[in-house]
Amino acid sequence: MAEQGKDNFRDTIGTLNEEGDRAWIFPKKPVGKWYEYRKYVSYVLLAFLFAAPFIKIGGHQFLLFNVLERRFNIFGFPFWPQDFYIFVIMMLTGVVFIILFTVAFGRLFCGWVCPQTIFMEMVFRRIEYWIDGDRGKQKRLAKMPWNKEKIRKRSLKWFVFFVISFLIANVFLAYLIGSDRLIRYITDGPMEHLSTLVSLVIFTGVFYFVFAWFREQVCIIVCPYGRLQGALLDNKSIVVAYDHKRGEKEEGRAKFKKNEDREASGKGDCIDCHQCVDVCPTGIDIRNGTQLECVNCTACIDACNIMMEAVDLPKGLIRYASEENIEKKTKFEFTPRLKGYTVVLGILVSVLVGMLFLRNDVEADIFRLPGQLYEYKADNLISNVYTYKLINKTNADIEDVRFELMSHKGNVEIVSRDTFTIPAGGMAEGTLFVELNAGSLSGDKDKVVIAVFSGDEQIETTRTAFLGPRTYK
Ligand code: SF4
Ligand code: SF4
């Protein structure tokens, strides 16, 4: 690889100059097939991101992450602190998913799905191109003294950035406190809810800071996923890669001369036009190999393809490929390894979805009252006293609730009522007696199964211990 001896790119990151100051990146506006595809994907994702907190399923917000009140909705399924174990399993499955996905497909997520990349490259950067112009104009503007043009452009850009940051902060808040509450706060007037207003201002400030100033440094310095790449990628992972075998050949890369016979000259196909570097939003030269800074945004693929077309060389000098593909000069194929990973990823997603659907809408806990012994009753009955706690995770009241013994013959008597209602999203607690015929006990500590019914519908089943005398063992 030409300039391979110059490994000094490893000593610094793309966003710092030699003095260690911020090197502001002015990426050239990407054009090309991949950029177009990414635009369409970003439209869908942005629409989803903005709409999700306002979509309701069965009265539940589609996505809600109310950390303060510990209320979470995922795909319209409400989660309670009691469902925490599902969260833990989901998190573990998610971690395994991310590791396998990255080993197989590299940083596909960063380039196509990550909200940071979507907002930065597909929203804020495009506004910048619209107001400031392309790379050359942006550089000129940055060097310009504060004249009328610069003041006008900068104020317009910062104002638009602020408005979008404010919008994102509102949507973020809708995810946190719920869209209904957000709308109510807005209609009440923000001064009625000062603490929420302060949070909104802080979120707006954070988003503005990230997208107007901090930018690609989020991916390079802050993002833990980005920093894990060195450990997760191997030479079979699919990444945006420069084909150094083709690009350098025996004579290395060289500028293109009109009418030259590139093939016969022994020069590589890279015409050293620097377009792949100019277009890179993280300021790196992909020809130095896979680097931590690369978010796999595909901009360099498009830029290089345009140059290859212009000089009549085959496209794909920079492309999605694994290191092994490039070394062995093989084409990208859906190898058994990739198929295997895809199957495992599919299974993991099914497990997650299955867990969401299999979760119960009602949580029932019945415990023996501490310190109470069993009691003899007439007709050879033995009675134990319990407390019950039922949680309704749905948005509707559950009415006409009663208990039935499933494992033994006997009675369940709720203290001071026959049936009761569990309020929507609420809880019902109380005391109950379980009475069993002493003859039906198999030991001094039987497990009894109690079903919870709403009318004739069985909505939950739970188990609890029943104490009896030792003589009946
Ligand atoms: S190297 Fe290419 S894919 Fe990676 S961030 Fe830069 S332009 Fe995007
Ligand atoms: S865009 Fe392609 S041809 Fe131009 S410098 Fe980059 S790799 Fe070489």
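Helices α2 and α16 are roughly antiparallel to each other, a term applied to angles over 145 degrees, whereas angles under 35 count as roughly parallel, 65 to 115 as roughly perpendicular and the rest as oblique. The model is a predicted one, in which local features need pLDDT of at least 70, side-chain atom pairs count only at pLDDT 80 or more, and totals for chains, interfaces and linings use all residues. Residues are numbered from 1 along each chain as its sequence is written, chains are lettered from A and ligands numbered from 1 in the order in which they are written, and side-chain values use heavy atoms, with hydrogens and water left out.

**Helix packing**

The two helix pairs are set out below. Helices (H or I, at least four residues) and strands (E, at least two) are DSSP runs, numbered from the N terminus. Axes are lines fitted to C-alpha atoms, for helices over the stretch in contact, and angles run from 0 to 180 degrees between N-to-C directions.

| Helix pair | Angle | Axis separation |
|---|---|---|
| α2 (residues 84-105) and α16 (residues 336-358) | about 160° | 10 Å |
| α1 (residues 33-51) and α6 (residues 148-177) | about 55° | 9 Å |

On the α2 side, the contact (heavy atoms within 4.5 Å) includes Ile86, Met90, Phe97 and Phe101, and on the α16 side its members include Arg337, Tyr341, Leu345 and Leu352. By class, 19 nonpolar, two polar and one charged residues take part in the contact of α2 with α16. Here Ala, Val, Leu, Ile, Met, Phe, Trp, Tyr, Cys and Pro count as nonpolar, Asp, Glu, Lys and Arg as charged, and the others, Gly among them, as polar.

Helices α1 and α6 are oblique to each other. Phe48, Leu49 and Phe50 of α1 meet Leu167, Ile168, Val171 and Tyr175 of α6. This contact of α1 with α6 comprises seven nonpolar, no polar and no charged residues.

**Strand pairing**

Two strands pair if DSSP finds at least two bridges between them. Strand β14 (residues 427-437) pairs with strand β10 (residues 381-392) in the antiparallel sense over 11 bridges. Strand β12 (residues 410-414) is joined to β14 by five bridges, again antiparallel. Leu432 of β14 stands opposite Tyr386 and is also the bridge partner of Ile414.

An open sheet of three strands has the order β3-β4-β5, with antiparallel pairing. Its edge strands, β3 (63-66) and β5 (77-79), each pair on one side only. On average, neighbouring strands of this sheet are turned by 25° against each other, direction ignored. Three bridges link β4 (residues 71-74) to β5, and Ile74 stands opposite Phe77 in β5.

Thr196 lies in helix α8 (residues 194-214). Because its relative accessibility is 16%, Thr196 counts as buried; buried means under 20% relative accessible area, exposed over 50% and partly exposed in between (1.4 Å probe, protein chains only). Apart from neighbours within four places in sequence, Thr196 is in contact with Leu173, Ile177 and Tyr185.

Ser416 is located in the loop between β12 and β13 (420-422). With a relative accessible area of 75%, Ser416 is exposed. Ser416 and Leu46 are separated by 370 residues in sequence and by 54 Å in space, C-alpha to C-alpha.
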